Amino acid sequence: MAVTSLVGIAAGSASAIFLLSLDAATQWRELHLWIIYLMPLAGLITGLAYHHFGSKVAGGNNRLIDEIDQPQQRIPFRMAPMVLIGTLLTNITGGSAGREGTAVQMGGAIADQLTLLFKFSHDNRRTLLISGISAGFAAVFGTPVAGAIFAIEVLTIGKIRYESILPAFLSAMVANYTCQLWGVGHTHYSLGYVPAMEIKELIYTIAAGVAFGLTALLFSKSADFWSRLFGRIRYIPLRASIGGAIVATLIISIGAYDYAGLGINIISNSFVNQQPAYMFIIKLLLTTITISAGFKGGEVTPLFFVGAALGSAMSALLPLPVGLMAGMGFVAVFAGATNTPIACIMMGIELFGAQGASVIAIACVVAYIFSGHTGIYQSQMIATAKSTFLNIERGKRIDQL
């Protein structure tokens, strides 16, 4: 327990430093929009750094999942500073990426150094890596319960590693509290009015969940498409540079400056005002190109953007309050893309309160099913099919399907 708490303190502190730096980078970019023109250069720098010094950590979250599933070699500590600096470069120049990947990788890299120090067995090492993931996720979003469940749910589709549940919760709680001690705050959202769950509301919620699941599927397939396309460029540093040029051109040509970086302003606005239908598509495109080209960051905050904007736009078709629709999309698209419905239900409750729990739960579960056996984490193993009607071979990773 002492070691797990130490992971929480270290990961929470690292996440706090990251969030404060990211906020400063975002504010600076918004005052100096010309920096977006330098996105190809930022991509080249990131690509060169990982090409020469980061080949063993380039796998990111997938590397962590692989190492927990089949332990082979310790994760180098340099994963933490490299992903932190890479993410700041991405966001300050306007790349569309988030925070989760960075925090999770920092937490995992920090935790794995302790396995060497204390000479842990493979089983204990797995538990500590899970604690690192939990701590990073909890601290960066201020959702300790969701962070703990995410860490034990994300590894395998259809299976939860309950043997790690106590260390995961402890590290998440400690990391979240540590991050708060650094003075880091988190964005607050409100669902507004939540109607009683009757038959028609249930039908609307299921319909919305289907749309969110299909959007998660589109996100995952788009990321895979761009990854394969950029993979044809043999010189790795050039991939991010070209990807940066594409994203910068799109942002500048259509004036989509609010889509750069995290896009928190639009996420917040989606809970209050109905958004245009094209908004989520633009963010989806910019994010999948940014990440697939080799820029660093996470997909989760962009998924929040995509889901909230889509839900807000869909309130024009489904007669549910715009705030409720945005909140449903916020967590449901995330659930479908990461295959973590339980963690996303808990995140919805932690972020929005319990008044919308039933609606959030239905949307997340339906989105999870309709996103298919895809996801943004290609190393996820499939323990059981999402439905008995689907003939999916168990024991395979997503990227082997």
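Me: At roughly what angle do the axes of helix 1 and helix 4 (residues 79-92) cross?

Reply: This is a predicted model, in which local features need pLDDT of at least 70 and side-chain atom pairs count only at pLDDT 80 or more, whereas totals for chains, interfaces and linings use all residues. Residues are numbered from 1 along each chain as its sequence is written, and side-chain values use heavy atoms, with hydrogens and water left out. Helices are DSSP runs of H or I with at least four residues, numbered from the N terminus, and axes are lines fitted to C-alpha atoms over the stretch in contact, with angles from 0 to 180 degrees between N-to-C directions. The axes of helix 1 and helix 4 come within 9 Å, and they cross at roughly 20°.

Me: Which residues of helix 4 make the contact with helix 1?

Reply: Angles under 35 degrees count as roughly parallel, over 145 as roughly antiparallel, 65 to 115 as roughly perpendicular and the rest as oblique, and helix 1 and helix 4 are therefore roughly parallel to each other. Their crossing is right-handed, a term used when the near helix is turned clockwise from the far one by less than a right angle. In this contact (heavy atoms within 4.5 Å), F18, S21, L22, A25, W28 and R29 of helix 1 meet, in helix 4, L84, T87, L88, N91 and I92.

Me: Within what distance do the axes of helix 1 and helix 8 come?

Reply: Helix 8 spans residues 165-181, and its axis crosses that of helix 1 at roughly 40°. Helix 1 and helix 8 are therefore oblique to each other, and their crossing is right-handed.

Me: How many charged residues does the contact of helix 1 with helix 8 have?

Reply: For the classes, Ala, Val, Leu, Ile, Met, Phe, Trp, Tyr, Cys and Pro count as nonpolar, Asp, Glu, Lys and Arg as charged, and the others, Gly among them, as polar. The residues of this contact divide into eight nonpolar and seven polar, and the number of charged ones is none.

Me: How many nonpolar residues does the contact of helix 7 with helix 8 have?

Reply: Helix 7 (residues 144-153) packs against helix 8 at an angle of about 140°, with the axes 8 Å apart. That makes helix 7 oblique to helix 8, and the crossing is right-handed. On the helix 7 side P144, V145, A148, I149 and I152 take part, and on the helix 8 side I165, A168, F169, A172, M173 and N176. By class this contact has one polar residue and no charged residues, while the number of nonpolar residues is 10.

Me: Which helix supplies the largest share of the lining of the largest pocket?

Reply: On a 1 Å grid over the protein atoms alone, a pocket is an open set of points with protein on both sides within 12 Å along at least five of seven lines, a cavity is a set where a 1.4 Å probe fits but cannot get out, and lining residues have an atom within 4 Å of a point. The largest pocket has a volume of about 1100 Å³, and of its 45 lining residues A58, G59, N62, S227 and I291 lie nearest its centre. The lining has 14 nonpolar, 22 polar and nine charged residues. Six residues, the largest share, come from helix 9.

Me: What is the volume of the second largest pocket?

Reply: This pocket is lined by 24 residues, with D23, T26, R99, L262 and I264 nearest its centre, and the largest share of its lining, eight residues, comes from helix 1. A volume is the space filled by probe spheres set on the grid points, which are joined across faces, edges and corners. For the second largest pocket that volume is about 520 Å³.

Me: What is the volume of the largest cavity?

Reply: The structure holds two cavities of 30 Å³ or more. R99, V140, F141, H186, T187, Y189, F304, F330 and L351 line the largest one, six of them nonpolar, two polar and one charged. The volume of the largest cavity is about 100 Å³.

Terms used
Helix = DSSP H or I, 4+ residues; strand = E, 2+ residues; numbered from the N terminus.
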